[in-house]
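Take a brisk walk through this chain.

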Amino acid sequence: MEEEPPTQTRRSPPQPSIEEPEPKKLKMSSTTTTSDDEDVNSNSAAPKKQRYKRRKIAIFFAYCGVGYQGMQKNPGAKTIEADLEEALYLSGAVPEQDRGLSKRYDWARSARTDKGVSAVGQVVSGRFYIDPPGFVDRLNSNLSPQIRIFGYKRVTASFNAKKFCDRRRYVYLIPVFALDPNCHRDRESVKASLGSGNELVKCLECSERGRKVEGLMGKRNFEVKTAISESDISPNSGNAIEVSDVQANGALEDNATASDSIKEENSGTELNVGSEATAKIEGCEMSGLGNDSENVVSKESVNRNEKSSGSFKYGEEEKARFNRILKKYVGTHNFHNFTTRTKAEDPAARRFIISFDAATTVVVEGIEFVKCEVVGQSFMLHQIRKMMGLAVAIMRNCAPESLIEKALQQDVNINLPTAPEVGLYLDECLFTSYNQKWKDSHEEVSMKAYEEVAEDFKMKHIYSHIGSTEHKEGAVALWLHSLNHRNYPDLRVADEAADNAKNTSVDIDTQAET
């Protein structure tokens, strides 16, 4: 009898245990940045070399713009971006094959600054190797002292420093003396005073140098005809006027009215000067205004005791007027007259200004500056400097307040003055919408964690540069001498329009009476 094979019992496979998923961890820049999906076998006999992964981050940094041709990389030019990209490569954040190819690591900047313009809260983003620890120190060691990395924040893979930036805040420091109509008068007023008892000799050199100050740009070019050639007066020639012991307020004029013609133009108000300035005029030949006759100034030294420039203050009345002028820019307008190479019909000419005010003053190296803060979605090339240039021209009575409304019209082309770049800096880039959307999973992209070090950098590098440049070079003083109707005939276009309208109404009334 055959044995029956034993019956095999079928067993059911074990059911896997259900575990609750761990809550998602907040991505922090301060935590370890090794790869989340790479396991290191600590029990292996031969430890493997640790491999790192690229991370999308936003880098916060500041820089002093002196000596640089702006933020954006430009072949053949020294730029902040080029130095930063090279530092990222030398720090190991960018591999050899991606060196100089910023698109490969999703490079983006929050703002572009012009030549010579500084920044306190600039932000760039990209995908970089940030491990091992010490990324910020490695970056700073490969940068010049005038560029300082504050830190970085982990951001989403789709983050873009340019597209996700809601607002930009800029600050322009303008010397208080620049708002004084009697300080650093136009070159014609200085020349008209020569030979009289009220010579503005100490302003002669800087008025001549300010005749062709850099930054006179616009949609139309006006020929400037002067009676003095550049070889007659130059800072390095024997005919130069030497000015010493100038007060920090930058006021170099004589302490009296220049002439009857100047009184008529400037309401006869008194000029303000620094104390005990010494000026020397040696063999300068000059032509008179409006004719071909020449006035020869003989070799002489002029030493005068002058009273301090204390009559003009940025008081409540001046503050109210200046802020009223600046607020005319607030809102959505067509700023085609406040930039270059942008046509009036171009949609990019329309910009939204959120706020513009000048509420406080700061003293830097003995010079009092008005702190002008402007906040907007974005700005065009030279836009803020031209906005400041026109506002200062209005404060100095070179243009009427109504000219701002006219310059913002799409069908009007006006050549506007451009204020010097030295007083402008990017204060902060704001990411309000991004922070609100990703607040539960990512760090806030802001300057809050770096406010103290940013303030130290601003005072040490940016403010000191602004003050020392005005002391040594007189950048704003030179520019003020170019701020006249000869260089900018469009500054009185509103006045002419008002006069024409007035004359037309008078003619109509006369005809009605007859």
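Two residues are in contact here when they have heavy atoms within 4.5 Å. On that basis Ala119 touches Ala62, Tyr63, Tyr425, Leu426, Phe457 and Ile462, not counting residues up to four places away in sequence. Ala119 sits in strand β3 (residues 118–128). Helices (H or I, at least four residues) and strands (E, at least two) are DSSP runs, numbered from the N terminus. The relative accessible area of Ala119 is 0%, so the residue is buried. Buried means under 20% relative accessible area, exposed over 50%, and partly exposed in between (1.4 Å probe, protein chains only).

The model is predicted: local features need pLDDT of at least 70, side-chain atom pairs count only at pLDDT 80 or more, and totals for chains, interfaces and linings use all residues. Residues are numbered from 1 along each chain as its sequence is written, and side-chain values use heavy atoms, with hydrogens and water left out.

Now the whole chain. It holds 12 helices and 14 strands. Of its 514 residues, 49% count as buried. Take the contacts between residues at least 6 apart in sequence: 76% of them join residues at least 24 apart.

Strand β5 (167–175) comes next. How many of the residues of β5 are buried? The count is 8 of 9, so β5 is largely enclosed by the rest of the structure. Two strands pair if DSSP finds at least two bridges between them. β5 pairs with strand β14 (residues 424–430) in the antiparallel sense, over 6 bridges. Tyr170 has Leu426 of β14 as its bridge partner. β5 also pairs with β13 in the antiparallel sense, over 8 bridges. There, Arg169 stands opposite Val375. In a regular strand the side chains alternate between the two faces of the sheet.

An α-helix has 3.6 residues a turn, so residues three or four places apart point the same way.

Aromatic rings come next. Rings of Phe, Tyr and Trp (its six-membered ring) pair if their centres lie within 6.5 Å; planes under 30 degrees apart count as stacked, over 60 as edge-to-face and the rest as tilted. By this rule there are 18 aromatic pairs. One of them joins Phe60 and Tyr450: it is tilted, 5.4 Å centre to centre, with 45 degrees between the planes. Phe60 lies in strand β1 (residues 55–63) and Tyr450 in the loop between α9 (432–437) and α10 (451–472), so the pair ties together parts that are 390 residues apart in sequence. Phe60 is buried at 1% relative accessibility, and Tyr450 is buried at 9%.

Phe164 and Tyr434 form an edge-to-face pair, 5.7 Å centre to centre, with 65 degrees between the planes. This pair links distant parts of the chain, 270 residues apart: Phe164 is in the loop between β4 (147–154) and β5, and Tyr434 is in helix α9. Phe164 is partly exposed at 25%, whereas Tyr434 is buried at 3%. Phe60 and Tyr450 return in one aromatic cluster with Phe150 and Phe457.

Last, the open space. A pocket, on a 1 Å grid over the protein atoms alone, is an open set of points where a 1.4 Å probe fits, with protein on both sides within 12 Å along at least five of seven lines; lining residues have an atom within 4 Å of a point. Grid points are joined across faces, edges and corners, and a volume is the space filled by probe spheres set on the points. The largest pocket has a volume of about 850 Å³. It is lined by 33 residues, of which Gln72, Arg112, Thr113, Asp114 and Leu381 lie nearest its centre. β5 and α7 are the elements that give two or more residues to this lining. α7 gives the most, with 3 residues.
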